[in-house]
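The sequence and structure come first.

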Amino acid sequence: MSTNYAIHVEGLVKRFGDVLALSAIDIDVPHGTVLGLLGPNGAGKTTAVRILTTLLEPDAGEARILGMDVVRQPNAVRASIGLAGQYAAVDENLTGRENLRMVGQLTRQPASTARARTDELLERFDLVHAADRPAKTYSGGMRRRLDLAAALIHRPPVLFLDEPTTGLDPKSRSDLWGLIGELVSDGTTLLLTTQYLEEADRLADHIVVIDEGRIIEEGSATDLKERLGRTLVEVKFPTTRRARIAARQLAAIGPTELSDGDTTVGVGVTDSGKALLDVVRLLESVDLAPKSMAVRQPTLDDVFLQLTGRGPSADDEQPEPATRGAA
Amino acid sequence: MTAIALPALPDVGEGDVRIPPSAVVSDALAVAKRNLIGLMRVPTTVVFSTVQPVIFVLMFRYVFGGAIRVPGVSYVDFLMAGIFVQTVTFGSMNTGVGLAMDMQSGLIERFRSLPMARSAVLAGRTIADAVRNLFVIALMVLVGFAVGFRVHTGVLEFGGAVLLLVLFGVAFSWIMAYIGLSTGNAEAAQAASFPLMAVFVFASSAFVSTATMPGPLRVYANHQPVTATVNAVRALVLGGPTAGKVLTALVWTVGITIVFAFLSVRRYRRAV
Ligand SMILES: Nc1ncnc2c1ncn2[C@@H]1O[C@H](COP(=O)(O)OP(=O)(O)OP(=O)(O)O)[C@@H](O)[C@H]1O
Ligand SMILES: [Mg+2]
């Protein structure tokens, strides 16, 4: 049994009718680390989270949280996990404070502990000013923070966040990243799903890319970028004519491509430092002065594009709103 | 930021943590409390629980009261039992709609991910709706007294009538809980339950004597739970033979509760 891992998943299969939502997934998350589960719409991210949080039974395979089986020991698992689902699950009619106290009570903490913990979380998640207003008056970002606070009320050692920042503006997103970063530095093990490569890049120690229920790649953000992305030296020219001439010359260094209205030449390289010198020397020798030059590191978007042959959200489905509700 | 000590988790080996029996009660009460707060904060449920029952009492009393004659008793006294049962029956729709909304909002998922008693969400909802029914009945009794309604029996019988009404409300709440969980959508739950409730309430002895109804309708009206409960409540407040009627009403109430509580709990466990 793998108590060495906070989360251990082996051969997990789930089908919904004809749809194979998960086909034999294996994942191991060491204690105190962050796993980013990355995938486009319908990849199976939520399905995996729902199985790991005891909400759904797998058709085959095994999943253990801190060594406890999600199917056979659901209550023990529930006591050790926190979940903030894809849609913020807060009671619209209760105030922020009432929401947290209710969850505190339901996780069977003494009333005084629940109250103290509520105050602490309201403070930490910047909700004190809105603590006594019904949650239906909250903005999307506030609702997400409340939902996350509710997931943390019983100090779970393992946390699941399903697309925690979908639908948030850039400021709220980066605020939430800050909060999640703090949690993780407290030693919490985190499994996070996301469609945002930047998010996985920023928060996750290890990234698992899934598509159509299968793991198609995994590694650290740097790994993935090194293996699959490629560094580009981008050289911009004042005219398209010069850019075209330069592109022919620079092909000697690496594969080139023209962009930006054919005024910019991108050269694919592996060692960007050396390549930069080569580019400069070559351009000098043929007397072609560039307007500007830059090195562009590969992004996870490039990785994703290469792996799945499409962008992260190239589905016809729209990104879903952060909350669904019966308003 | 100071490091927070993680709580010591019980080492359960290969067994599961047991939810203590006391938690079954305390979890249900915590959920009931949240539902009652919700009831008081949503304007539509406040209106449904206060203004509407009062309007019904006054309307039936003064609009139809003159036109409808029932032999032997004043129409107000005949009517009140019917309005009570109608109100708790339609009120039970609240249970289904509330649960459907909780499913839609994802709250049920949150509850299911917590180490709480499985029964608490449904029990809490039903308890809250029973409390609400008790309040509504009290309000209608007061308004009824003001417009001429009188109890012809004693305090004990009247208390029995109120208890029966509350239990009957709980029974119908379980039917609605099942519909709410099955549809998982507030509008659909409402659309599915309204016609059903109407067939129970209007084809019954609630407002008129079933004796005036045509053959097949009369047979149905005489053998359905709303009529049974109306007749029992009526006997409890107006007098006359009571025991048999109360027994019939209780059989319906308990039967419905057992069947639909079982179905609802099963549906809740599988809720997605
Ligand atoms: N309850 C369900 N019934 C039927 N099919 C389902 C159900 N839940 C998920 N699916 C299907 O399983 C597949 C994986 O869905 P899942 O919700 O896990 O994807 P996801 O990666 O979370 O996508 P998104 O980014 O859109 O949230 C999809 O094809 C989806 O339609
Ligand atoms: Mg999802």
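Buried area is the accessible area, taken with a 1.4 Å probe, that two parts lose on being put together, summed over both. By that definition, about 3,800 Å² is buried between chain B and chain A, and carbon and sulfur atoms give 56% of this area.

## Basis of the model

This is a predicted model, in which local features need pLDDT of at least 70 and side-chain atom pairs count only at pLDDT 80 or more, while totals for chains, interfaces and linings use all residues. Residues are numbered from 1 along each chain as its sequence is written, chains are lettered from A in the order in which they are written, and side-chain values use heavy atoms, with hydrogens and water left out.

## Chain B

Chain B has 12 helices and zero strands; helices (H or I, at least four residues) and strands (E, at least two) are DSSP runs, numbered from the N terminus. Its C-alpha trace spans about 75 × 40 × 35 Å along the principal axes.

Of the 272 residues in chain B, 50% are buried, where buried means under 20% relative accessible area, exposed over 50%, and partly exposed in between (1.4 Å probe, protein chains only).

## The interface

Contact (heavy atoms within 4.5 Å) involves 41 residues from chain B and 48 residues from chain A. Between the two chains there are five salt bridges, each being a side-chain nitrogen of Lys or Arg within 4 Å of a carboxyl oxygen of Asp or Glu. On the side of chain B that touches chain A, two or more residues each come from helix 1 (21–41), helix 5 (93–104) and helix 6 (107–112) of chain B. Helix 1 of chain B gives the largest share, eight residues.

## Salt bridges between the chains

Arg34(B) and Asp91(A) form a salt bridge with an N to O distance of 2.3 Å. Arg34(B) lies in helix 1 of chain B and Asp91(A) in the loop between strand 6 (81–84) and helix 3 (96–106) of chain A, so the pair joins two chains. Arg34(B) is buried at 7% relative accessibility, and Asp91(A) is buried at 4%. A network of salt bridges links Asp91(A), Arg34(B) and Asp102(B).

Glu98(A) also forms a salt bridge with Arg41(B), with the closest N and O atoms 2.8 Å apart.
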